[in-house]
Structure formats: C-alpha cells, structure tokens
Amino acid sequence: MEIIRMENVSVKEESKDKLIFSDLALSVNKGEKVLIKGRSGIGKTTIFRLILGFTEHSSGDIYFEGRKVDSALVWDIRKRVAHISQDSDIGEGPVMELFEEVFSYSANKDKFNRSDLNALLSEFSLKEDILTKKFENLSGGEKQRIAIIISLMTKKDIFLLDEITSDLDAALKEKIVDFFLSHSEWTVLAISHDREWEREGVTVIEFSRVICKGED
C-alpha cells in the first residue's frame, strides 16, 4: 500500500518568487524505510512540512494513502504521523511533566503506559531519574532521546524523523537506527547525515541540485 506520493511538486519561498525545489517525485509504501540525504539548506525539511500541511506547494500533487492532500486531510495526517523535528527544544520544566502534558491531549489519552516508558528509557540508555530533571537543562542527546520516546509512546506507525541522531555518539546512533528499522510494520522517512542509516533495506534518496533550484 502506498502511504505517501508526490507528483511534480514544486515549492517557492514565502513572499518570494524563488524556488526551493521543483518537480519533486516521491513514492513511499507501507513499511518502507527511506533515507533522504543532501547538503544542509537544500530543502529536505520542506518535504516533511509539505506532508504535514505546514508548507504549501506551488504546483504538483501530494497524496496520503491514495487521497489527495487538502486542508481537511492534513488534520488526519497529523494525527496519524509521528514527526520528530531537528529542533529538540520541545518544552521546559520537569521531564515527567512534559510527558503528562503530551498525554493529556485528546489524541493521546489512554496511550501513556509507565511500564512502556521505563522500558524505553532503558532501551535508549537513560536513567529513570531523568524524569525529575528540567528538560531545558538536559544535553542535546538527552533531549533527542526524550523526544523519540514521546513519539514512540503515541503508538503511531508512520514516522518522519529529521536529524534525530545528530547529537548522539556512534553507539547510540546505531541503537536508535536499529530500533526504527527493526519494526517491519513501521513506515519511516529519515533525514540524516549519519551513515548509520545507510544499510541494506533502506531506500536512499540523494536530494541534490538536480531537483533543487534554490535554498530554504
């Protein structure tokens, strides 16, 4: 089953007549693992923003599970898709309060499970006492792992991952990549410069000036 399809999609910078990229074609099937590579500032993150409806395309068509994406469908997409941004500053205050806030939202109610949380903390080499620490005082790598855990606990199976391993050491990069690739039922699109994502079973898309006419 095709989850995401883009046909000849072009995007211009807001209030400018300058292309970020043009004629982008992309197809992602259920369970597929895709790595999007390319130099910084070329427009890779814009692909995720298009899927989530945060950026409008100037031409072409975007489909989600065979349905053409419009303003009504983007709300359903945001409920279905787990997006982890490269900006790991997702909140302030005690980490546990951040979990409580996220899982108080109507879309996430009844999804919080303390046993799952403890297991994921252990999986990603975090001690339970991190829950009492202030999120803003954590290291970049700790913030990334907390954001990943929150995303996983929402029980979604489509992931848009934007540089989620950039602040981690090699061992943790490997561990997190292994975790996402080991679930055959998950559909994963990852933007990353880390070579740990480049392995058998991962479709690699080289995002280059061939399709990118401008900078984001």
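I began with strand 4 of this predicted model, where I looked up which residue is the bridge partner of E7 and found D61. That bridge belongs to a pairing in which strand 1 (residues 2–12) and strand 4 (residues 59–64) run antiparallel and are joined by 5 bridges.

From strand 4 I went on to strand 5 (residues 67–68), and I noted that these two strands also pair in the antiparallel sense, over 2 bridges. Here Y63 stands opposite K68 in strand 5. I then checked the hairpin of strand 4 and strand 5, which has 2 residues between the strands, and I found that E65 takes a positive phi near 50° there. As a reminder to myself, strands of a sheet pair through backbone hydrogen bonds, either parallel or antiparallel.

Next I turned to an open sheet of 5 strands, for which I wrote down the order 6-7-8-3-9 and parallel pairing. Strand 6 (81–84) and strand 9 are the edge strands, since I found each of them pairing on one side only. I recorded an average twist of 15° from one strand to the next.

Which strands does helix 2 (residues 73–80) lie across? I found that helix 2 lies across strand 6 and strand 7, and that it runs at about 70° to strand 6.

I then looked at strand 8 and its two partners. On one side I noted strand 7, which runs parallel to strand 8 and is joined to it by 5 bridges; in this pairing L161 stands opposite A190, and D162 stands opposite I191. Strand 3 pairs with strand 8 in the parallel sense as well, over 4 bridges, and there I found A190 again, as the bridge partner of L35.

Helix 6 (residues 170–181) has 12 residues and reaches 16 Å from its first C-alpha to its last, which is close to the 16 Å expected at 1.5 Å a residue. At its N-terminal end I found a cap, in which a side-chain oxygen of D169 lies 3.2 Å from the backbone nitrogen of A171.

I listed the buried residues of helix 6 as L172, K173, I176, V177, F179, F180 and L181. I also noted that an α-helix has 3.6 residues a turn, so residues three or four places apart point the same way. What covers the buried residues of helix 6 includes the sheet strands 3, 7, 8 and 9, and helix 4 (114–123) and helix 5 (140–153) are also among the elements that cover them.

My last entry concerns K143, which lies in helix 5. Why does K143 count as buried? I found its relative accessibility to be 11%, and K143 counts as buried because that value is under the 20% cut-off. A polar contact of 2.6 Å joins the side chains of K143 and D89. Leaving aside neighbours within four places in sequence, I found K143 in contact with S88, D89, F135, E136 and L138.

How values were computed: Residues are numbered from 1 along each chain as its sequence is written. This is a predicted model: local features need pLDDT of at least 70, side-chain atom pairs count only at pLDDT 80 or more; totals for chains, interfaces and linings use all residues. Side-chain values use heavy atoms; hydrogens and water are left out. The expected span of a helix is 1.5 Å times one less than its number of residues. Buried means under 20% relative accessible area, exposed over 50%, partly exposed in between (1.4 Å probe, protein chains only). Contact means heavy atoms within 4.5 Å. A polar contact is a pair of N or O atoms within 3.5 Å; within protein, one must be able to donate a hydrogen and the other to accept it, and residues adjacent in sequence count only if both atoms are side-chain atoms. Two strands pair if DSSP finds at least two bridges between them. Axes are lines fitted to C-alpha atoms, for helices over the stretch in contact, and angles run from 0 to 180 degrees between N-to-C directions.
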